[in-house]
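Please look through the model below before reading on. The numbered points after it are meant for a reader who has not seen it before.

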Amino acid sequence: MERRKFLHQTAAAAILTSVGGLTLPSFTKKKKHITILHTNDTHSRIEPFEASHHRHANKGGVARRATLVESIRKENANTLLLDAGDIFQGTPYFNYFGGELEFKLMSMLKYDVATIGNHDFDNSIEGLYKQLPNANFDFVSANYNFKNTVLDTHVKPYKIILKDGVKIGVFGLGIQLEALVDPKMYKETEYLDPLEIAQDMSRILKEEEHCDLVICLSHLGYFYKRNPTKISDLNLAKNTKNIDLIIGGHTHTFLPKPTIVRNSADKNMLVNQVGAYGINLGRVDFYFDENNNKSSEGTTILV
Amino acid sequence: MKKALLVFSLLLLFVGCEKKKLHLVKTTAEIITIDSTFAENPAYKKLIAPYKNKMITEINTVISYAPKNINRYDGKLQSSLGNLLADLCYERANVIFKERTRKEIDFSMFNYGGIRASISKGTVTNKNPFELMPFENSLVVVELSGKKVAELVDYFIKNKSAHPLSKNIELLINTDKSYQLKINNQKFDLTENYFVLTSDYLQSGGDKMDFFKNPISLFKTDYKMRHAIIDEFKSLDTLRTSLDNRVILN
């Protein structure tokens, strides 16, 4: 139904422009298109898996991801590339070079924003800090308080990016580190309740910053079947509003397709996670119309 | 006239832009698998190459020899690989512990899940320790009360996994789950304290080994498990290990 309305409006706009004189563009609804690409839990997988691998034979590889990302950027210049954490650990590249190559490659791929996963503390918080000069992209985390650590001021709760006049707010959420990471690794990093922080963040980004798009980079995990009340992306999605997309990580969940979830305001939004090891790339396309008509609140999500 | 109209309409357009709100009308989403149909961008391969070459040289260096396949699942509640790792960590950490505290470690315990690969028969290279132990875990010694050691044994029996235990242990488990335990040939004493070697990961509550939390005393060796494995393998021409009587199921 909503999709039909959208198609109808598009057709109307197209007719108007085709008759068009000079004055017409101001009456035409301008369309905007933002593409979000994302990875999670790449775990130092720089090269593709070997042909002999039992599960992921010949999959992944950063040099191939670059080809894919570049072709999508050619299609739509208004593209963001994001990562939901656990960039470090998993191959000797990390053990020998401490994440230097991972960050350099991500910079070359022009990643825009990433959040911090538990394994990104594997060389301790200083090990992560030491590699930051190799990262030409920003880290966001809203529920890790780094005030008393070396990361203070280097990690912001959120970042706002303007693309083609579309204001995009990206905030980060990290998993509870206690019992998952040795305290001597994360030092004085303080963990704050992700749900409360997400509710705050989405309000700030939507109501105060007037973002057109709110994206959460989460390393909380998709969902915990054996502990269904534990905070996870699905629970976060249901209990918040104004978040358009949660890009998840941590649980290495290979979803068959992105998940549509109804949020606390009874609106549909998206949760996506693309497994691990750079095997998959997530792609979400947001299409906007400019208008003053409040009644056209409807949005269609196709997965 | 035409120009004025253009300026006016552009003005209208800009003013309009300021006030106009963007409405999200459609979202599409998909997951794209990266496989060999995507060509490798040569610029990226060029950046990777020097790192790769350095890593390969390092990794392919032969450090020992395995006369048979050594894995973590060839026994009941113990394994040839688990025994090898628990023993070598014990030996290597005990030297450090003795030197600094003049005491001896009583035994070591690690987790089955922490062993991430097997060792295949043949040459052993630097690659093997990385595969066995990809994590940056360090060795720690905890001083536990006899009561906590009893909790450790209960966990071990209930958990039914071949969590690596060092050769200092002789644990006989009966079908009714009762047990007899000897530590260094001495009958286990509930009133004694014991020094147990484990990893910092498990000590801080990993794998729900809660008996390691809040120990009477904690000694950090600052020696990574993987480094202990590399150092030991380098010192041995041949890796020898077997199943023995450290855990016996009655």
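Where in chain B is the place of Tyr223(B)?

1. Tyr223(B) sits in strand 10 of chain B, the strand that covers residues 217-224. The model is a predicted one, and what follows should be read with that in mind. Tyr223(B) counts as partly exposed because 17 C-beta neighbours lie inside 10 Å, and the buried class needs 20 or more. Leaving aside residues up to four places away in sequence, Tyr223(B) touches Ala93(B), Ile96(B), Ser138(B), Leu139(B) and Ala228(B). Leu202(B) is 21 residues from Tyr223(B) in sequence, and the two are 15 Å apart in space, C-alpha to C-alpha.

2. Chain B as a whole has 7 helices and 11 strands. Its radius of gyration is 29 Å, well over the 18 Å that the globule rule gives for 250 residues, so chain B is more spread out than a compact globule. The C-alpha trace of chain B spans about 105 × 40 × 40 Å along its principal axes. Of the 250 residues in chain B, 39% count as buried. Among the contacts in chain B between residues at least 6 apart in sequence, 82% join residues at least 24 apart.

3. Chain A contains 8 helices and 15 strands. Of its 303 residues, 46% count as buried. For contacts in chain A with a separation of 6 or more, residues 24 or more positions apart account for 75%.

4. The contact between the chains draws 64 residues from chain A and 43 residues from chain B. On the side of chain A that touches chain B, two or more residues each come from helix 2 (62-75), helix 3 (92-97), helix 4 (100-108), strand 13 (268-272), strand 14 (280-291) and strand 15 (300-302) of chain A. Strand 14 of chain A gives the most, with 12 residues. By class, this side of chain A has 31 nonpolar, 19 polar and 14 charged residues.

5. Strand pairing also crosses from one chain to the other. Strand 15 of chain A pairs with strand 1 (residues 21-33) of chain B in the parallel sense, over 3 bridges. Within strand 1 of chain B, Thr27(B) is the bridge partner of Ile301(A).

6. Which residues touch the most other members of the largest nonpolar core? They are Leu82(A), Val140(A), Val170(A), Ile215(A), Leu217(A) and Leu245(A), in a core of 83 residues. Strand 10 (residues 213-218) of chain A supplies the largest share of this core, 5 residues. Ile215(A) touches Ile36(A), Ile168(A), Gly169(A), Val170(A), Asp244(A), Leu245(A) and Ile247(A), again not counting residues up to four places away in sequence. A second, separate core has 49 residues, including Ile105(B), Phe110(B), Ile169(B) and Ala228(B). Ala228(B) is also one of the residues that Tyr223(B) touches.

7. Chain A has an open sheet of 6 strands in the order 7-8-10-11-13-12, with mixed pairing. Strand 7 (158-163) and strand 12 (259-262) of chain A are at the edges; each has a single partner strand, so one side of each is left without a neighbour in the sheet. On average, and with direction ignored, neighbouring strands of this sheet are turned by 25° against each other.

8. At one end of that order, strand 7 of chain A is joined to strand 8 (residues 166-173) of chain A by 6 bridges, and the two run antiparallel. Tyr158(A) has Phe171(A) in strand 8 of chain A as its bridge partner. Helix 7 (residues 194-208) of chain A lies across strand 7, strand 8 and strand 10 of chain A, and runs at about 165° to strand 8 of chain A.

9. Two loop residues deserve a check of the backbone. Ser44(A) has a positive phi of about 60° although it is not a glycine, and it is found in the loop between strand 1 (31-39) and helix 2 of chain A. Is Ser44(A) buried or exposed? Ser44(A) is buried, because 23 other C-beta atoms lie within 10 Å.

10. Asn184(B), a residue other than glycine, has a positive phi near 50°. Asn184(B) lies in the loop between strand 7 (179-183) and strand 8 (186-187) of chain B. With 12 other C-beta atoms within 10 Å, Asn184(B) is exposed.

How values were computed
Residues are numbered from 1 along each chain as its sequence is written. Chains are lettered from A and ligands numbered from 1 in the order in which they are written. This is a predicted model: local features need pLDDT of at least 70, side-chain atom pairs count only at pLDDT 80 or more; totals for chains, interfaces and linings use all residues. Two residues are in contact if their C-beta atoms, placed from the backbone, lie within 7 Å. Helices (H or I, at least four residues) and strands (E, at least two) are DSSP runs, numbered from the N terminus. Ala, Val, Leu, Ile, Met, Phe, Trp, Tyr, Cys and Pro count as nonpolar, Asp, Glu, Lys and Arg as charged, and the others, Gly among them, as polar. Two strands pair if DSSP finds at least two bridges between them. The radius of gyration is taken over C-alpha atoms; the globule rule is 2.2 Å times the number of residues to the power 0.38. A nonpolar core is a set of buried Ala, Val, Leu, Ile, Met, Phe, Trp, Tyr and Cys residues joined through C-beta atoms within 7 Å. Axes are lines fitted to C-alpha atoms, for helices over the stretch in contact, and angles run from 0 to 180 degrees between N-to-C directions.
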